[in-house]
Amino acid sequence: MDRAVLLRSLSCSTTAYRKLFFRTRSSSSCFSSIPHKQKKPFRVLNKNGPLRWVPPHHFNLIRSFSVPPQAVSTSPIHPSPPVDLDGSHDIADKLGFEKISEQMIEECKSKAVLYKHRKTGAEVMSVSTDDENKVFGIVFRTPPKDSTGIPHILEHSVLCGSRKYPLKEPFVELLKGSLHTFLNAFTYPDRTCYPVASTNTKDFYNLVDVYLDAVFFPKCVEDFQTFQQEGWHYELNNPAEEITYKGVVFNEMKGVYSQPDNILGRISQQALFPDNTYGVDSGGDPQDIPKLTFDEFKDFHRKYYHPSNARIWFYGDDDQNERLRILSEYLDLFDANSASNESKVEPQKLFSGPVRVVEKYPAGEGGDLKKKHMVCLNWLLSDEPLDLQTELALGFLDHLMLGTPASPLRRILLESGLGDAIVGGGIEDELLQPQFSIGLKGVSEDDIKKVEELIMTTLKDLAEKGFDPEAIEASMNTIEFSLRENNTGSFPRGLSLMLRSIGKWIYDRDPFEPLKYEKPLQSLKAQIAEEGSKAVFSPLIEKFILNNPHRVTIEMQPDPEKASRDEAAEREILEKVKASMTEEDLAELARGTQELRLKQETPDPPEALRTVPSLSLNDIPREPIHVPMEVGEIDGVKVLRHDLFTNDVLYAEVVFNMRSLKKELLPLVPLFCQSLLEMGTKDMDFVQLNQLIGRKTGGISVYPLTSSVRGQKDPCSHIVARGKAMAGRAEDLFNLVNCILQDVQFTDQQRFKQFVSQSKARMENRLRGSGHGIAAARMDAKLNVAGWISEQMGGISYLEYLEVLEKKVDQDWDEISSSLEEIRRSLFSREGCLINLTADGKNLTNTEKYVTKFLDLLPRMTSMETTSWNAQLSPVNEAIVIPTQVNYVGKAANIYETGYQLNGSAYVISKYIGNTWLWDRVRVSGGAYGGFCDFDTHSGVFSYLSYRDPNLLKTLEVYDGTASFLRELELDDDTLTKAIIGTIGDVDSYQLPDAKGYSSMLRYLLGITEEERQKRREEILSTSSKDFKEFADAIEAVKDKGVVVAVASVDDIAAANEGRPDFFQVKRVL
Ligand SMILES: [Zn+2]
């Protein structure tokens, strides 16, 4: 899923090598193909997840900035001797826990103890470390037998009220009123995880208690209406109308099944594992979800959500005994059951020969359908679990083959011109047995066989010839850097460790092993040094891939009629259902629909709300989190220094003002940035350049950054070159940045052509998967200049530009090449430059001489001209047609234009609107996966958005009702306090040092002072119900003057334009 584009902050290779270190891909993989994970709480992710969409290159400063998660890889067995560090086992013993093993984990400076709860057999891993970002998680093995989505619907439903917390959604109350740094749940193909994190101990234990009560004693197993709401139900508003299907998971999965990449991932997994639980979809196939009965649902919970089938994780600086005390209160209430035998995942036996599967996917009518085929080769690597040494070597091999744009398998496939973009995730080892997948999309029908052959011959070639020593060194450095840095972005470190550990623990393997990478890494290094890399990697390619008969080839064909055919099939089923009902049945169904809606729309009584524990305002620090910043100058260039402990890593940003760029050139900027990193110089081709970056640094990236500035007409618009390295390699880092900015040659027409088709494929993917992001960008472009710029570089306008550019590359390459040169000339000069450095004081001082040298080499400009970009899109309502079964609906207006003056209370109120009004109406009763609002305090744009929404005009009515909702609202003190605390939780969200330095720089660029931060915080803390009423007047403007953009299906748009003639201007893009 699209993480905030702004956060494209690590090197271009990050997404690839992230996989090696972050096998679990958890924070971004709810919608990734394999393995499948569902993340329920769409809005949990507002703060730091992939779904909180930030308009491209925009940012919301009061929130945090994150970088993509990375974590370390698995490692082989090398047991440490048990050490008894204190007498805590006596207490554990009294509480009913038997200590199984205790180990020091040097890699994360932690002590880890594994316990077994005697009475039930529940296993508990208790990790003590000095990290204040505490993490708890409870995980059950939940292998499904069919594709009705039981585990996924249950994951949603248990968070809808429990024994101690008998309200509609305690989960949402936690979202509103806690300081959580993480709060979510995931469904995997074979397990369900419930993790929470907080830096505040009291808050942390509150969260743990709500989660434990939810999983063990949920109300949903007695409450059919929750099953209907989260799973599926027939909806009939009055007997004369048509019956429809509704349900949060049902619509969520319809969205998933509208995305070709997701469909491919699902088909691949199911074809690789036809005989075990991975052969069905734990998320739920929309065609099968309505087959699920309430009894099956209840049984599944009774069987698997049991301590005997649970693995529990604690991590952080809190008291270990307190953890066990809280657990024993729950676990002691159960007796052992046999669930852990029944939930074991049986391995898939290897095939004796390859298999081929051909399937259709829903495509739009636009473009050349012949060129929209996809082909992917998949292997199941082994029928038994591999030892960790082999897994580590395979992970390394994966990075060598696919990890960076320079990696041979990735490069050769893309350079072949046979397809637009890579599909398949390389090596995946999150499930019981590892797999390898690779393929291309955007392939012409006639070239399918050629792609298959090219993959096989390239793999053979790699097995025969091995890899360059430079490539080996670059991968090794990248991996070691990543391990040392352990930068998990906004994802808690303890959670990333938990997911790694669980990846083995869930299969009854040693949970400690995956945490200890040092020794196996060193031994792999030694083996490569002794025997040469070929001796290590060639046998792996031969054994696991080339000579492995368990190969599944998936071919996907575009079918422009599939979406409407599926829709018609669904209609037909529903018509039959209706025809089979008597008049009384129909009246009963309509009554049930009413009742469900009434329940959904009735607020919880105050006494129920009070059961959810919360902090008080006294627990909240009065001052914002301080980030040290010293503003200095080197030869007239501003240099910001942030003295923070970074474990000897130097983080550097070199920022250039983009305001001197001609506006026609703006859409070329993203490809300009990619060219800098991926085109090569006079002396080095791009492979050598990338290897050098990999060998010397932790990654370099270049990207544009644009935002409105409050109170100013002109936007703030920059190009950022961001890099990191061990501080001892600061000189290399700055030399490489200089080389990228100044020496790269824009001469490689063929590579540029690939960039264009890759970008096009990426944009098309975003349009289907993150239509709400596309809609938001489009609205922003209609409302302000910064939005217009961003849309030129990442919205529909950009996609249209790419379509024209694709042809132009062949016809007029010289002009493009000289435009790229022109961008470089206008951007890179000392005059528009700013440097931002984050490291500890000693390393900052040492870096200074390299910064001086870097600046000396930058060209000077006699005069810095700024051009006027005064452009916006026409503010008409637009509907973008895509082949989809669910819509994305947005409405927005600039509320500063109505005279509204920014006050910190706006953060509290917009969060509250999202968590109550929109959650209840758009998600809970509307059946959309998500509904939320966003207030960009820099531009003044207040926007509403929905995600995977079965409705269109009805959702707009909900948006328009927001002001009345606020006016009629009667807020009690408890509710208000929770809303304030929840907002502070967002403002103070946990940041690693690099993110702190980066946010501080952004505040500097936007002119946000410490005084202003303090003032906003005080305003947040003193928010009153009067502020809510006043805000209602401000957002009334969205109702009256707001512009609407929907990304939706052709039928829904037609119906909307029939209901409100000429409401939408229709635009087809796919
Ligand atoms: Zn879900």
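Colleague: In this predicted model, is Asp-1062 buried or exposed?
Modeller: The relative accessible area of Asp-1062 is 73%. A residue counts as exposed over 50% and as buried under 20%. Asp-1062 is therefore exposed.

Colleague: Which class of aromatic pair do Phe-1063 and Phe-1064 form?
Modeller: Tyr-900 is buried, with a relative accessible area of 16%. As for Phe-1063 and Phe-1064, the centres of their rings are 4.8 Å apart and their planes stand at 80 degrees. Planes over 60 degrees apart meet the cut-off for one class, so the pair of Phe-1063 and Phe-1064 is edge-to-face.

Colleague: Are Phe-1063 and Phe-1064 buried or exposed?
Modeller: The class rests on the relative accessible area, and the cut-off for buried is under 20%. Both Phe-1063 and Phe-1064 are buried.

Colleague: How many aromatic pairs does the structure hold, and what is the angle between the planes of Tyr-900 and Phe-935?
Modeller: The structure holds 47 aromatic pairs. One of them is formed by Tyr-900 and Phe-935, whose centres are 6.2 Å apart. This pair is edge-to-face, and the angle between its planes is 70 degrees.

Colleague: How many residues apart are Tyr-900 and Phe-935?
Modeller: Tyr-900 lies in the loop between β24 (888–894) and α31 (905–925), whereas Phe-935 lies in strand β25 (residues 930–936). Phe-935 is buried at 3% relative accessibility. The pair links distant parts of the chain, and its members are 35 residues apart.

Colleague: Which residues coordinate the zinc ion?
Modeller: The coordinating atoms lie at 2.0 to 2.6 Å from the zinc ion.

Colleague: Is the site of the zinc ion tetrahedral or irregular?
Modeller: The angles among the four donor atoms run from 54 to 155 degrees. For four donors to count as tetrahedral, all angles must lie between 85 and 135 degrees. The site of the zinc ion is irregular.

Colleague: What relative accessible area does Glu-252 have?
Modeller: His-152 counts as buried, at 0% relative accessibility. Glu-252 is buried as well, and its relative accessible area is 0%.

Colleague: How many disulfides does the structure hold?
Modeller: A disulfide requires a pair of cysteine sulfur atoms within 2.5 Å. Among the cysteines, Cys-376 is buried at 1% relative accessible area, and Cys-739 is buried at 9%. The number of disulfides in the structure is zero.

Colleague: Which residue takes a positive phi in the hairpin of β17 and β18?
Modeller: Strands β17 (residues 630–634) and β18 (residues 637–643) pair in the antiparallel sense over five bridges. Ile-634 has Val-637 in β18 as its bridge partner. There are two residues between the strands, and the one with a positive phi near 45 degrees is Asp-635.

Colleague: Where does Asn-647 lie, and what is its relative accessible area?
Modeller: Asn-647 is not a glycine, yet it has a positive phi of about 55 degrees. Asn-647 lies in the loop between β18 and β19 (649–657). It is partly exposed, with a relative accessible area of 32%.

Colleague: Which residue lies over the face of Phe-686?
Modeller: Lys-663 lies over the face of Trp-788, at 5.8 Å from the ring centre. For Phe-686, the distance from the ring centre is 3.5 Å, and the residue over its face is Arg-751.

Terms used. Residues are numbered from 1 along each chain as its sequence is written. This is a predicted model: local features need pLDDT of at least 70, side-chain atom pairs count only at pLDDT 80 or more; totals for chains, interfaces and linings use all residues. Side-chain values use heavy atoms; hydrogens and water are left out. Buried means under 20% relative accessible area, exposed over 50%, partly exposed in between (1.4 Å probe, protein chains only). Donors are N, O and S atoms within 2.8 Å of the metal (3.2 Å for Na, K and Ca); water is not among the atoms, so sites may look incomplete. Four donors count as tetrahedral if all angles lie between 85 and 135 degrees; four count as square planar and six as octahedral if opposite donors are over 155 degrees apart and all others between 65 and 115; anything else is irregular. Rings of Phe, Tyr and Trp (its six-membered ring) pair if their centres lie within 6.5 Å; planes under 30 degrees apart count as stacked, over 60 as edge-to-face and the rest as tilted. Helices (H or I, at least four residues) and strands (E, at least two) are DSSP runs, numbered from the N terminus. A charge sits over a ring if NZ of Lys or CZ of Arg is within 6 Å of the ring centre and within 35 degrees of the ring normal. Two strands pair if DSSP finds at least two bridges between them.
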